[in-house]
Amino acid sequence: MSTSMIASFFVLLLAFPYAFATDFTVGDANGWTQGVDYTKWASGKTFKVGDNLVFKYGSFHQVNEVDESGYKSCSTSNTIKSYDDGDSKVPLTKAGKIYFICPTPGHCTSTGGMKLEVNVVAASTTPTPSGTPPPTKSPSTTPSAPSETNSTTPSPPKDNGAFSVSNGVSLLMGSFFVSAMILGLMG
């Protein structure tokens, strides 16, 4: 293999995790504005490292990334980062909770509702089967009272439109193989 082909392969490997990132438009068609339930919007979505939050908003709004305390109190005193361009793309770079509010007075409070809490999970490198029930406890030898909890298996998470890593690896390797074949035939 030529040196340039090997270098190209390594560049593809470095860029690979970001090739399948998802851009989540906060609030969907409503965007970042008053009167939207952002807790409801975020529920059911899986935000992964490498994904992006896209905030679309008018000139009366802004986006401030704040700590948990700032989120709970709608305070901008400990702002981590501010955005005010009307179309802000925020990369999710690490796992954990991340918080956003609109700093315009009255917009973050319960009346305005412009606050968002997102739980970011690590990007998975190995696919996990969807809908696999959680492990159960081994049967007990002592009788117990009937449980009042729901024993049905939870439904699998909703598809958020992102490619799975295994599909991406297959696509990447297939593209590399075809490129190598073409370069081999032409060279």
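Mentor: Buried means under 20% relative accessible area, exposed means over 50%, and partly exposed is in between (1.4 Å probe, protein chains only). What you see is a predicted model, where local features need pLDDT of at least 70, side-chain atom pairs count only at pLDDT 80 or more, and totals for chains, interfaces and linings use all residues. Residues are numbered from 1 along each chain as its sequence is written, and side-chain values use heavy atoms, leaving out hydrogens and water.

Trainee: Let's start with rings. How many aromatic pairs does the structure hold?

Mentor: Rings of Phe, Tyr and Trp (its six-membered ring) pair when their centres lie within 6.5 Å. Going by that rule, the number of aromatic pairs here is six.

Trainee: Are the rings of Trp 32 and Tyr 38 stacked, edge-to-face or tilted?

Mentor: Planes under 30 degrees apart count as stacked, over 60 as edge-to-face and the rest as tilted. The centres of Trp 32 and Tyr 38 are 4.9 Å apart and their planes sit at 50 degrees, so this pair is tilted.

Trainee: Is Trp 32 buried or exposed? And Tyr 38?

Mentor: Trp 32 has a relative accessible area of 1%, so this residue is buried. Tyr 38 also comes out at 1%, and that makes Tyr 38 buried.

Trainee: How are the planes of Tyr 71 and Tyr 99 set?

Mentor: Their ring centres are 5.1 Å apart. The planes are at 40 degrees, so the pair is tilted.

Trainee: How many residues apart are Tyr 71 and Tyr 99?

Mentor: Helices (H or I, at least four residues) and strands (E, at least two) are DSSP runs numbered from the N terminus. Tyr 71 sits in helix α3 (residues 68-73), while Tyr 99 is in strand β7 (residues 96-101). Both are buried, Tyr 71 at 11% and Tyr 99 at 8%. The pair links distant parts of the chain, and the gap is 28 residues.

Trainee: Which residue lies over the face of Tyr 71?

Mentor: A charge sits over a ring if NZ of Lys or CZ of Arg is within 6 Å of the ring centre and within 35 degrees of the ring normal. At 4.5 Å from the ring centre of Tyr 71, you'll find Lys 115.

Trainee: Now the charges. How many salt bridges does the structure hold?

Mentor: You need a side-chain nitrogen of Lys or Arg within 4 Å of a carboxyl oxygen of Asp or Glu. Count those contacts and you get four.

Trainee: Which residue forms a salt bridge with Lys 89, and how far apart in sequence is the pair?

Mentor: The partner of Lys 89 is Asp 23, with the closest N and O atoms 3.1 Å apart. Lys 89 lies in strand β6 (residues 87-91) and Asp 23 in strand β1 (residues 23-25), so the bridge ties together parts whose separation in sequence is 66 residues.

Trainee: Which residue does Lys 56 form a salt bridge with?

Mentor: Look for N and O atoms 3.3 Å apart: the partner is Asp 87. The pair links distant parts of the chain, 31 residues apart, with Lys 56 in strand β3 (residues 52-56) and, in strand β6, Asp 87.

Trainee: Which helix holds both Glu 68 and Lys 72?

Mentor: Their side chains meet in a salt bridge (3.2 Å, N to O). Glu 68 is partly exposed at 38%, whereas Lys 72 is exposed at 60%. They are four residues apart, about one turn of the helix, and that helix is α3.
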